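Here is a short briefing to read alongside the structure. Please keep the viewer open and follow the topics one by one.

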Number of protein chains: 2
Amino acid sequence: MISEKMKKIMSSGSAIRAMFEEGKRLAAIYGKENVYDFSLGNPSVPAPKKIGEELKRVIDETDPLALHGYMTNNGFSSTRKAVADNLNKRYGSSYGEDNIVMTVGAAGGLNVALKAIINEGDEVIVIAPYFGEYDNYISNAGGVSVVVPPNPPTFLPNTEAFEKCFTPKTRAVIINTPNNPTGVVYDEYTLKVMSKIMARKSDEYGNTIYLISDEPYRELIYSDEPAPFVANHYDNTIVGYSFSKSLSLPGERIGYLAISDRAEGSKELIAACGVATRILGFVNAPSLQQLAVEKCLDEKTDIEAYDKNRRLLYSALKEYGFECVRPDGAFYLFVKCPIEEKDFVEEAKKLNILIVGGSSFGCEGYVRIAYCVSHDMIRSALPAFEKLAKEVFSK
Amino acid sequence: MISEKMKKIMSSGSAIRAMFEEGKRLAAIYGKENVYDFSLGNPSVPAPKKIGEELKRVIDETDPLALHGYMTNNGFSSTRKAVADNLNKRYGSSYGEDNIVMTVGAAGGLNVALKAIINEGDEVIVIAPYFGEYDNYISNAGGVSVVVPPNPPTFLPNTEAFEKCFTPKTRAVIINTPNNPTGVVYDEYTLKVMSKIMARKSDEYGNTIYLISDEPYRELIYSDEPAPFVANHYDNTIVGYSFSKSLSLPGERIGYLAISDRAEGSKELIAACGVATRILGFVNAPSLQQLAVEKCLDEKTDIEAYDKNRRLLYSALKEYGFECVRPDGAFYLFVKCPIEEKDFVEEAKKLNILIVGGSSFGCEGYVRIAYCVSHDMIRSALPAFEKLAKEVFSK
């Protein structure tokens, strides 16, 4: 009864979402406190108080017709201006309100950007490990994923392997730094080398290659230095941003695309993104959330809470003998499986530890642990992880 | 720099949205009170007070992690149950929470439903005049629109012409009653005949044909009888609903799909819609709005206000000599052009009357007037309409 494409997608499924549903099932059986659900990137730090205050203020002070009505597909002018100004203040960029398209989260934004630029059969380069949903987004727009193989143990892109992935059909590259699932933050040098390759390949093939920078974790950084702002390194960058992690609003579906005037064909591209927002059925980003986040752009999530989790879990796992890249951002640990990935995920599940196999991220033989959970849960889970280590290392 | 498909869509454009933007431009020049913008279906009746109250209550009383976090892609269980119960109470249906998928408006829902069922090249029947965006939604999923010609002056579907549109590739039919752009409400008899044809064609081709019933105007009815509930007439119905018009929340992007257990392959179909919600980048319907609308399902919009507009404008236009079907629902008048459609739209614009040509709805030679505006604006616009009549009828 359903389409062939959908059947295929459903049979491969989303291991992340399946594990999230499994967690809810197990919690009903064993009690929530006895299930260690590390499956989903659902923030454990509540939204800043100001979000709730601003939502209520906007409801009280705004004419409901303006508040809940249609606006230009690209979003409220005031919201777009606030976002542009905030980016400029933080990164020395020069966005104006016309460079911003408000979107239904970053997932919505990525679909919009791909719809705007991809012709049937165009290739989009992704760098493993990567959020597996990119494959679906690319396919939605008629494109084909080309995967740069993973580069352990640093998981920074291997730029030689990257360069080899380009063909005359390459239309875009998607990167995600700080990275899901590794937590790795791409350094300035790597971004520079990648930018040079993309510029050279654009010239070589006479074909503008856009960089789609998926940045929901931009502010989730565990060092004093902010992560490099990708768009400062490559003119043809389409920034895809979400407030899901930085303001803990994943269920609200609010984010934006930012496209600089320096991007080739920027005016037409931005207009196309507005049209794609409309025809894909998003129509516009949720209006109330637009008006609330525009007043909360300087709000920060409680990065200390995630850092506390990161330190505890990372050091414990290392102590138990696991290999893992030390994450500098996001809220994931990417751990090498001492046994077959599938068996490792199963063994963990027997101990009520829910984690997602690296295969879902184009990187077999690893697991992702989303440590955006309560600190208490990590404490409670440590004996189970220790037990897991004993079991798998004795095999 | 943008895709070929997008270039084509942009060159044909959305006349509705273009006129909406034009209205904002003209208002800046001539003053808002001197521009008669009848372009967009943006409700002029504010959201019921209870919406604002419930939004604030939910913000105050809900743990922000639950309120703003991810939930199952199909939506909050409590919201889905409330929607199902409300439908059952009103229409004697038997939906459960598992039959409901919360969506990013009806536009999001229609894209989700089409993605779930359409194979490349499948045909989807639409009945002119129809919301032109359906063509894009169908194309997004790889399908092809097949158009039943318009049937003036009643604009009820010509069921013989309808029957002739079916082929072995027909996968779905989209209907929209009360109708945008005509305001016509399909009667029970018409729905019965259409259902029989769809059932017969499903049998003939051995291919389940789904009816996608786009119902944002379901409650906008100007008689004492509610509009027939389409799903009661055909088991394989996918209801696409939006709270945009009934609760005046178009900017918030909140709606749902309802699929009965009686639909063939219902379980798989509902699961596919959840997956489509995820992979198309919607992920889920905005969380705060889900929890607010679940408490406002018995709220009603101020139908009297629209009715007052309808009566005044309809009788005035008839008096000036225009031909027009008397609408029983929605908030549109569909008026026959006394001169070439394009010229008529232009002549109207010279008088600061903004209306959309019927070509945008697959029905050349008409214009749509969206009377979801203030009553004062209609009063002020009448002399301009009268002048327009004098000009065009003297040609």
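This is a predicted model: local features need pLDDT of at least 70, side-chain atom pairs count only at pLDDT 80 or more; totals for chains, interfaces and linings use all residues.

**Helix α2(B)**

- The buried residues of α2(B) are A15(B), I16(B), R17(B), M19(B), F20(B) and G23(B).
- Helix α2 of chain B covers residues 15–30, and its 16 residues should span 22 Å at 1.5 Å a residue; the end C-alpha atoms lie 21 Å apart, so the two values agree.
- After α2(B) comes G31(B), with a positive phi near 90°.

**Where the chains touch**

- In chain B, 65 residues are in contact with 65 residues of chain A.
- On the side of chain B that touches chain A, two or more residues come from each of α1 (4–12), α3 (49–61), α4 (64–68), α6 (105–117), α7 (133–140), α10 (266–279) and α11 (287–293) of chain B.
- That side of chain B is made up of 34 nonpolar, 21 polar and ten charged residues.

**How the copies are related**

- Chain B is superposed on chain A by a rotation of 180° with 0.0 Å of shift along its axis, at an RMSD of 0.0 Å.
- This is the relation of a two-fold axis.
- K56(B) has the C-alpha nearest the axis in chain B, 2.9 Å from it.
- Both copies use the same surface, as 100% of the contact residues of chain B recur in chain A.

Notes
Residues are numbered from 1 along each chain as its sequence is written. Chains are lettered from A and ligands numbered from 1 in the order in which they are written. Two residues are in contact if their C-beta atoms, placed from the backbone, lie within 7 Å. Helices (H or I, at least four residues) and strands (E, at least two) are DSSP runs, numbered from the N terminus. Ala, Val, Leu, Ile, Met, Phe, Trp, Tyr, Cys and Pro count as nonpolar, Asp, Glu, Lys and Arg as charged, and the others, Gly among them, as polar. Copies are superposed by least squares on the C-alpha atoms of residues with pLDDT of at least 70 in both. The expected span of a helix is 1.5 Å times one less than its number of residues. A residue is buried if 20 or more other C-beta atoms lie within 10 Å of its own, exposed if 12 or fewer, and partly exposed in between; C-beta atoms are placed from the backbone.
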